[in-house]
Amino acid sequence: MKKIAVCLPSYNESGNISKITTQIDQALSPLLSLYKCTIVNCDNNSPDHTNKYFCDTQTVCSKYSILSDKIGKGVNILNFIRYCEDTNVDYAFMFDSDLTSFQPEWIEKMLNELKIADFVTPLYKRKRYEGNTTNHFVFPLIYSLYGVTIRQPIGGDYAFNKKYINLFCQLNHPSFVQSYGIDIYMLLCALKNVTVSQVELGYKKHAPSDHKMLRIFNEVVNGFTNSMICFPPQNCVRLISTNIENYISIDKRISDDFYKRNVRLKINKETFEDCYFQWKQKLKEYIIQVNCSKKVEVENFALYFDDYVKAYWKYFEKSSVEQCEHQIYRLANDLKKEMEGEKDAIDKGRLYRFRTE
């Protein structure tokens, strides 16, 4: 029988770990006649005893625990992928342990996609004030540099097969992947080496992360910077085209009041366009700095990110979801055009000077 393993990376998730474990078990149960299924909790030795709650949860599928004293999402994911290699897993899945919108059909959908691709990313709908690092930083860069439309590049809920597992385990992973940088590192590794696809999973809801938006942004910037050096944006393997031309990632649901309470801007079109221009220029400068091996001042970069995100929130507060999505693609397209304007420098090797050591 082929093997399936599902990872629940966790740190202080005692309030949700039992629920998500039960949901994963119910989703895997219909597959037990065809696959040997294991649910794996990779935990950073949480002081709230997350792993104990996981172990105490009754399941039909087998369970396995991996504890680490090191803290970081990447630590848990690296441990999981090593486990997959050691146990000869055929199909692996990752789901955030704070998910509250998991649906049983997610695993089957991703598993079906793995029959034509080696690495699968999710297509989610999220509230208009969520996913800011994805919408305004990672997605435009992936679109403009790597030439592919991956709408949720750091969604975290990935699926991958044995080919990717074996490839990934052969790499000498740098230290930055032990934090939030793991998601973008895994994706760029996939884009450079295997086939990648996307699958619609509907609405995603998890524990609020607004209080750590800038910390996540800083870690993702560091992760993206170093991942681009490891996996330069030339000669990507293949994106198996998913028809997302008319896909709207912004959800119609009413957003949390947190954002409205924290955005007290008086903004008109001229003010927003100024913020937009400044952020687009900062993204271009960031690309050039990375490719010329110059240091990126993350704290200064984060201030421009914060200004643009809040201007976006306020300016599109009452706009349609289509208008919100259009603005995200506008940034990606404009950045791509500007970087194409640097083609002569790229061809002559003056711009894309990646270090591979």
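Select Lys-162 and Asp-90 to begin: their side chains form a salt bridge with an N to O distance of 3.1 Å, a salt bridge being a side-chain nitrogen of Lys or Arg within 4 Å of a carboxyl oxygen of Asp or Glu. Lys-162 belongs to helix H6 (residues 162-169) and Asp-90 to the loop between H3 and S4, so the contact ties together parts 72 residues apart in sequence. Helices (H or I, at least four residues) and strands (E, at least two) are DSSP runs, numbered from the N terminus. The model on display is predicted, so local features need pLDDT of at least 70 and side-chain atom pairs count only at pLDDT 80 or more, while totals for chains, interfaces and linings use all residues. Residues are numbered from 1 along each chain as its sequence is written, and side-chain values use heavy atoms, with hydrogens and water left out.

Now colour the pair by accessibility, where buried means under 20% relative accessible area, exposed over 50%, and partly exposed in between (1.4 Å probe, protein chains only). Lys-162 is partly exposed at 26%, whereas Asp-90 is buried at 13%.

**The network around Lys-73**

Select Lys-73 next, together with Asp-96, Asp-157, Asp-183 and Lys-204; salt bridges link these residues in a network. Between Lys-73 and Asp-183 the N to O distance is 3.1 Å. This pair joins helix H3 to helix H7 (residues 182-193) across 110 residues of the chain. Between Lys-73 and Asp-96 the closest N and O atoms are 3.5 Å apart. Here H3 (residues 73-86) is connected to the loop between strand S4 (91-94) and helix H4 (105-113), the two residues being 23 apart. Lys-73 is buried at 18% relative accessibility, Asp-96 is buried at 14%, and Asp-183 is buried at 6%. The structure as a whole holds 17 salt bridges.

**The sheet and its helices**

Switch to a cartoon view. Eight strands form an open, mixed sheet in the order S3-S2-S1-S4-S6-S5-S7-S8, two strands counting as paired if DSSP finds at least two bridges between them. Strand S3 (62-67) and strand S8 (238-239) are the edges; each has a single partner strand, so one side of each has no neighbour in the sheet. Select S5 (residues 119-125) and S6 (residues 159-161), which pair in the antiparallel sense over two bridges. Val-120 has Ala-159 of S6 as its bridge partner.

**The nonpolar cores**

Finally, show the side chains of Phe-80, Phe-119, Phe-137, Phe-160, Met-186 and Tyr-286, the residues with the most contacts inside the largest nonpolar core, which has 82 residues. A nonpolar core is a set of buried Ala, Val, Leu, Ile, Met, Phe, Trp, Tyr and Cys residues joined through side-chain atoms within 4.5 Å. H7 supplies the largest share of this core, nine residues. Apart from it lies another core, of 29 residues, including Leu-28, Trp-106, Ile-107 and Val-199.
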